[in-house]
Amino acid sequence: MKKTILIAALLSSLASFAEERATVNVVNFVRSLDPRMNREDCNRALAEEVALNLKYGFRNTILFQYDSLLDDEQVALARRSDPAKTEFGVWLELCRPLVEKVGLKWESRRGWDWDWHVCPGFLQAYSQEGRRRIIDEVFAKFKSMFGDCPKSVGSWFIDAYSMDYMVEK
């Protein structure tokens, strides 16, 4: 509860700043698979983020990890956002369903379906051919849901080869 109050106070301050300068864009990345949280907690966090963005009128970007694109409830929660102020994109942390869908081996040392280590959770763990297959699948899934390729892609780090490939798409 204290965290929510602190976040609300921070957002209230940012809302005042945003009205004056029009420079704030909140980025929310969404996961459905996270060994630290259950699915309900992931959904609750997204619902609260959307509600706060609506309450304070922020422009915002919601970045979907691949597993979230497979989760109808998370997509529906995100679509509650103000379409005039929300952009949807891709969060490029990798997960077992994505990697295995494109025929690559998922090598989590913990047996998790999502892992924050470079191998297996980021593009750099795979060959260039594997990276292209992963990007193609994520972009195709996103396009099937939102009608176009994502204009925003985020990650903790992305290699130059993959960035160039995404720009071409």
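A nonpolar core is a set of buried Ala, Val, Leu, Ile, Met, Phe, Trp, Tyr and Cys residues joined through side-chain atoms within 4.5 Å. Buried means under 20% relative accessible area, exposed over 50%, and partly exposed in between (1.4 Å probe, protein chains only).

The model is predicted: local features need pLDDT of at least 70, side-chain atom pairs count only at pLDDT 80 or more, and totals for chains, interfaces and linings use all residues. Residues are numbered from 1 along each chain as its sequence is written, and side-chain values use heavy atoms, without hydrogens and water.

**Stop 1: the core.** Select Leu94, Ile134 and Val138. They have the most contacts inside the largest nonpolar core, which has 30 residues. Elements giving two or more residues to this core include helix H2 (39-56), strand E2 (59-64) and helix H7 (128-146). Helices (H or I, at least four residues) and strands (E, at least two) are DSSP runs, numbered from the N terminus. H7 gives the largest share, five residues.

**Stop 2: Val138.** Show its contacts (heavy atoms within 4.5 Å). Leaving out residues up to four places away in sequence, Val138 touches Tyr66, Leu69, Val90, Leu92 and Leu98.

**Stop 3: the rings.** Rings of Phe, Tyr and Trp (its six-membered ring) pair if their centres lie within 6.5 Å; planes under 30 degrees apart count as stacked, over 60 as edge-to-face and the rest as tilted. There are nine aromatic pairs. Select Phe29 and Trp91: their ring centres are 4.1 Å apart and their planes at 10 degrees, so the pair is stacked. Phe29 lies in strand E1 (residues 25-30) and Trp91 in strand E3, 62 residues apart. Trp91 is buried at 5% relative accessibility; Phe29 is partly exposed at 29%. Next, select Phe64, Phe88, Phe142 and Phe146, which ring pairs link into a cluster.
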